[in-house]
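Please find below a note on the structure under review. The points are numbered and grouped by topic.

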Amino acid sequence: MTAPPLGRDYRLLWSAAVSSRLGDALRTPALALLAATLTRDPRVIAAVTVAGQLPPLLFGLLGGVYADRWDRRRTMAVVDGLRAAVVGGLAVAVSLDRAGVAALVTVAFLLAALGTLFDSASFALLPSVVPPAALPRANGRLQAGSAVAGGFLGAPAAGVLFALAAPLPFAIDALTFLCAALLTLALRPTPPRPRRPETRPRRPETRPRRPERGPERGPERGRARTVWREAVEGVRWVRGDAMLWRLTVATAGSNLAISGLMAVLVLYALDVLRVPTAGYGLFAAGAVLGGLAGGLGAGRLAARLGTVPALRLVLAGQAVALTGLALARHPVPGGLALAVFAAGTTVWNSLWASYGQRHVPAALLGRVGAAQRLVGLLTAPVGAALAGLGGAAYGVGPVAAALAGVFVLVTLAVWRLLRPVPPAPAALFHRAASRATHRDA
């Protein structure tokens, strides 16, 4: 059977996403290098990283609300324009020798905060660009393009560009954001999403309303209450759809191990696998190749097995690969195991996103995607912190074995749960909204 074409708009969206990913891959290491030129205090340098990790947890649900309220194509273009201005301002400050640690923390925080809105809008826009049957392939190619732009092009070039001129990687990053904004604006406008109909008529007022204490507080309270209620609707949908909730919990459990692995990978490679320092780049490139292969193969795997059976197979394969990595004591088998694990991660991310995009109403996609990401990422800082503490106390070898054990336990726990179940009907959303309206009335 011939695969459905992805089309012109997908190519534009893919190009915009890969352009942004290339800029991110240039900026992230350059920020760390710039911070290291300003201070050698590891707490201060870590603050720059933390500033970039907090916004998705603080503002992720809010980004989902506005991704559903606003035109998603224009939202992505405006966000990329703002990010270009922020990074361009940093490039100017670096060139004038005016960039201090406070500026780096502020830039990292602002870019990540804007990124929460962009990610929600991008996740929700894709189903309007490609046919539903093509979503696994479309997400896989997005993952593959990001892997190439980040792993093969951006990350290796960041250090070279920073050595040539410190402002250079930030200036190029600003250009990639501008390019992405123009590509997004070139997308065909999507038809306006229909407003959700009222679930029940409003009851007439039977009692006089008490006056508000101030002329502005009533509307502000109403807007805040509405935004919060809309954000909660996305969480309720994820929780109410049995399969989507199981996939999200499985992602959170596996991220505990994945984040821990990433935190100690360089030490494990150098100290346990005996990877030469000069060869670490080649070792890491194996993971990028694995991610590329996984992204290109995600659509074929889903078409052959179905999305949920493919996810079960991927989870089991990752458990075997991570166990092999924990047992390896040589760079070659360790590198192969890491490549297989990275391929599985890319396939999982692609199919997990595709499942939600196919089973969630268009009007809820931004909020549901934000809720998925929030729950899935909650365990990541915990895994990284525990791996760092465990590595300092017991060594990275035992930590890698413990992480593999955690992943195997997650696989065993969710293996039987990951069976196809009927998706939550759209009426579930209307019933939940109706109950919320009754409570607020």
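The points that follow cover a side-chain network, a surface patch, aromatic pairs, charges over rings and backbone angles.

1. Basis of the note. This is a predicted model, in which local features need pLDDT of at least 70 and side-chain atom pairs count only at pLDDT 80 or more, while totals for chains, interfaces and linings use all residues. Residues are numbered from 1 along each chain as its sequence is written, and side-chain values use heavy atoms, with hydrogens and water left out.

2. Asp68. This residue belongs to helix H2, which spans residues 42–69; helices are DSSP runs of H or I with at least four residues, numbered from the N terminus. Asp68 counts as buried because its relative accessibility is 9% (buried means under 20% relative accessible area, exposed over 50%, partly exposed in between, with a 1.4 Å probe and protein chains only). Its side chain makes a polar contact of 2.6 Å with the side chain of Arg72. The side chain of Asp68 also reaches the backbone nitrogen of Gly366, at 2.7 Å. A polar contact is a pair of N or O atoms within 3.5 Å; within protein, one must be able to donate a hydrogen and the other to accept it, and residues adjacent in sequence count only if both atoms are side-chain atoms.

3. Nonpolar patch. Val50, Leu54, Leu58, Phe59 and Leu62 make a nonpolar surface patch of about 400 Å². Areas come from the Shrake-Rupley method with a 1.4 Å probe, and for residues only the protein chains shown count as cover. Leu58 lies in helix H2 and is exposed, at 53% relative accessibility.

4. Aromatic pairs. A search of the whole structure finds 3 aromatic pairs (ring centres of Phe, Tyr or Trp, the last by its six-membered ring, within 6.5 Å; planes under 30 degrees apart are stacked, over 60 edge-to-face, the rest tilted). One of them joins Phe59 and Phe109: the centres are 6.0 Å apart and the planes at 85°, so the pair is edge-to-face. Phe59 in helix H2 and Phe109 in helix H4 (residues 101–125) are 50 residues apart, and the pair links distant parts of the chain.

5. A buried pair. Phe341 and Phe407 are also edge-to-face, with 5.5 Å between centres and 70° between planes. Phe341 lies in helix H11 (residues 331–359) and Phe407 in helix H14 (residues 396–415), so this pair ties together parts 66 residues apart in sequence. Phe341 is buried at 4% relative accessibility, and Phe407 is buried at 1%.

6. Charges over rings. Arg312 lies over the face of Trp415, 4.0 Å from the ring centre. The charged end of Arg373 sits over the ring of Phe123, at 5.8 Å from its centre. The criterion is NZ of Lys or CZ of Arg within 6 Å of the ring centre and within 35 degrees of the ring normal.

7. Positive phi. Asp97 is not a glycine, yet has a positive phi of about 60°. Asp97 is in the loop between helix H3 (72–95) and H4 and is exposed, at 70% relative accessible area. Arg274, likewise not a glycine, has a positive phi of about 60°. Arg274 lies in the loop between helix H8 (242–272) and helix H9 (280–305) and is exposed, at 60% relative accessibility.

Terms used:
Helix = DSSP H or I, 4+ residues; strand = E, 2+ residues; numbered from the N terminus. Patch = residues over 30% accessible without salt bridge, like charges linked within 9 Å, V, L, I, M, F, W, Y side chains within 5 Å. Salt bridge = Lys/Arg side-chain N within 4 Å of Asp/Glu carboxyl O.
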